[in-house]
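Hi,

Here is the structure I promised to pass on. Have a look at it first, and then read my notes below.

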Amino acid sequence: MWSSLRSRIGKTFVAAVVAAVTTIVVVAAPAGPKFSLGVLRRDGLLVPFATFDGRGWSVPWPDSDFNVPLPISLSDVPKKWWGAAGADSAWTAWIRDADPRPLKLGKPVHVSVFCGGHVALTTDYHGGPFDPKEPTVPKDGLAIAGDIKLDDVVDVSVHSPDANKLIAAITDDFNNEESLAAEHFTRWRHPFTGEEREKYPIELEAFYRSIQTTSRGSWRTSYIEAVRKFPARAGDQGCGLITFVRGWVTEQPPKKPVINIGARITYCDRADVSFMLPFGRLTIDKDVYWVYQISSWRDEVYSVARIRPDDVDPVVAVAGGGCPKEPTRR
């Protein structure tokens, strides 16, 4: 059972990732600031990935590909790569729980990310220790070229009263999405019935939130990752099934919350699950954008999503690098 289920889960996951990282996005918006974004790694390398030209988003830097010719110096970087902010704009490091600080750029380098890589830029930033044997490097924050402020996305305790309220709010949607995920398989049946599954608790594992006010009004946006765990059964090799749910909850009282979540049936090792790392949010006129990384055990994606009172719309998704799924165990 383990191997056949793993095979079907893997094919679905890979297809979803391929669809998610199709990059280019141009979104109509009022004229606003011009700036560029990059992820700042703990080893001090900056990976630029998106730019905003005052009206829309685009992705001027090359895709995750080591075959891209490496510029010898900063002056050799093609002008179009710098995006709307331009080559002469100063970069600022925005690191959680620290004041923004100027970032001095050095030479371009090729940087490995899982089985792929990017053109990156060295900087004068030095983060904390990390394991160089890992296939990717932790991200300490976001780098921005241009005049725009990065506001916090709050990491809310999963043990807080608000977390309990959120679990209650999403329970019906969680159960519905879990049933849809279980019915997705054609030759495998979940060993627990829907009624049996609902007896197991829903546990929040990540809870991120922002409250924003624009001309669209005031509203609250949350991103959650939640699980329902099942005991291991014979053939599970000691690692039982879980239902993993992630997605968005938007609240603007007195309206009913907008809940947009999806479920995946997988095992406790979470080999086919992706997690969010929020960097912060940007406000451009009446629009708000979250900037974040989505990553799994074998790939990562740098993303921007537009946050409105009635929906969340991803507008940028850039593949940072990834590895193919390992052969199915038999």
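Cys 268 counts as partly exposed, at 35% relative accessibility. One thing before I go on: this is a predicted model. The partner of Cys 268 is Cys 239, and the sulfur atoms of this disulfide sit 1.9 Å apart. The link is left-handed, with -135 degrees about the S-S bond. It connects distant parts of the chain, 29 residues apart: Cys 239 is in the loop between β11 and β12, and Cys 268 in the loop between β13 and β14.

How many disulfides does the structure hold? There are 2. Besides the pair above, a disulfide joins Cys 115 to Cys 323, S to S 1.9 Å. This link is right-handed, with 95 degrees about the S-S bond. Cys 115 is in the loop between β6 and β7 and Cys 323 in the segment after β17, so the bond ties together parts that are 208 residues apart in sequence. Cys 115 is exposed, at 52% relative accessible area, while Cys 323 is partly exposed, at 23%. Counting bonded cysteines along the chain, the pattern is 1-4, 2-3.

Now the overall picture. You'll find 3 helices and 17 strands. Of the 330 residues, 51% are buried. Take the contacts between residues at least 6 apart in sequence: 63% of them join residues at least 24 apart.

The largest nonpolar core has 30 residues, and Leu 37, Phe 49 and Trp 57 have the most contacts inside it. Several strands give two or more residues to this core, including β1, β2, β14 and β17. Which element supplies the largest share? That is β2, with 4 residues. Leaving aside neighbours within four places in sequence, Phe 49 touches residues including Leu 37, Val 59, Leu 142, Tyr 302 and Val 318. Another core lies apart from this one, with 18 residues, among them Ala 93, Leu 105, Val 119 and Ala 145.

Last, have a look at helix α2, residues 161–183. Its 23 residues reach 33 Å from first C-alpha to last, close to the 33 Å expected. Even so, α2 bends by about 50 degrees at Ile 170. Ile 170 is also one of the buried residues of α2, along with others including Leu 166, Phe 174 and Glu 178. What covers the buried residues of α2 includes α3 and the strands β10, β11, β12 and β13.

Cheers

Conventions
Residues are numbered from 1 along each chain as its sequence is written. This is a predicted model: local features need pLDDT of at least 70, side-chain atom pairs count only at pLDDT 80 or more; totals for chains, interfaces and linings use all residues. Side-chain values use heavy atoms; hydrogens and water are left out. The expected span of a helix is 1.5 Å times one less than its number of residues. The bend at a residue is the angle between axes fitted to the seven residues ending there and the seven starting there. Buried means under 20% relative accessible area, exposed over 50%, partly exposed in between (1.4 Å probe, protein chains only). Contact means heavy atoms within 4.5 Å. A nonpolar core is a set of buried Ala, Val, Leu, Ile, Met, Phe, Trp, Tyr and Cys residues joined through side-chain atoms within 4.5 Å. A disulfide is a pair of cysteine sulfur atoms within 2.5 Å.
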